[in-house]
Amino acid sequence: MNEPIGLDGSAFPADPAITAPPYDQLLRTAEAVARERPEVDLDLAREIFLEAATLLHNGLVLDGLDDHDSHGVVAGLCVGLVASDPGSAVRGLSRQAVEDPGDLHDPEAVSRAYLLAAAVMQL
């Protein structure tokens with residue numbers, strides 16, 4: 001069985017669905033945070049972000065979004081989840097999606113996805 005490989009080459013077990021795009025961005029974020037913040041344990045960061053991916057996947061947070069918007073939501077969550085107040089950050093992303101949608105294809109659905117993400121992650 002092939003186990004997912006982190007950017008540093010180490011293996012760790014995970015459901016392939018939560019390490020595939022767009023969820024793979026979460027793993028890259030965990031690894032970036034561990035590199036940038038020496039006090040952060042890489043294995044613990046991976047575990048936390050894999051759990052976030054699992055909650056998003058099992059909570060069907062991205063259902064109904066196209067690939068473009070799904071990737072955008074996960075990218076936003078990667079920033080929001082490392083903020084000093086993740087709940088506030090993710091709710092802010094929800095507001096921003098409708099107030100300044102940029103290139104989003106379905107701003108209302110993206111906004112709802114952020115709120116659902118906050119709920120399933122209990123932020």
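A residue is called buried when its relative accessible area is under 20%, exposed when over 50%, and partly exposed in between (1.4 Å probe, protein chains only). The model is a predicted one, in which local features need pLDDT of at least 70 and side-chain atom pairs count only at pLDDT 80 or more, while totals for chains, interfaces and linings use all residues. Residues are numbered from 1 along each chain as its sequence is written, and side-chain values use heavy atoms, with hydrogens and water left out.

Helix H2 comprises 17 residues, 42-58; helices are DSSP runs of H or I with at least four residues, numbered from the N terminus. From first to last C-alpha, H2 reaches 24 Å, close to the 24 Å expected at 1.5 Å a residue, where the expected span is 1.5 Å times one less than the number of residues.

Ala45, Arg46, Phe49, Leu50, Ala52, Ala53 and Leu56 of H2 are buried. These residues lie on the same side of H2 because they cover an arc of only 155° around the axis, the arc being that of the directions from the helix axis to the C-beta atoms. On the other side of H2, Asp43, Glu47 and Asn58 are exposed. The cover over the buried residues of H2 includes helices H1 (24-36), H3 (67-80) and H5 (107-120).

Within helix H1 lies Gln25. Gln25 counts as buried because its relative accessibility is 14%. Leaving aside residues up to four places away in sequence, Gln25 touches His71, Val74, Ala75 and Cys78, contact meaning heavy atoms within 4.5 Å.

Methods: Helices (H or I, at least four residues) and strands (E, at least two) are DSSP runs, numbered from the N terminus.
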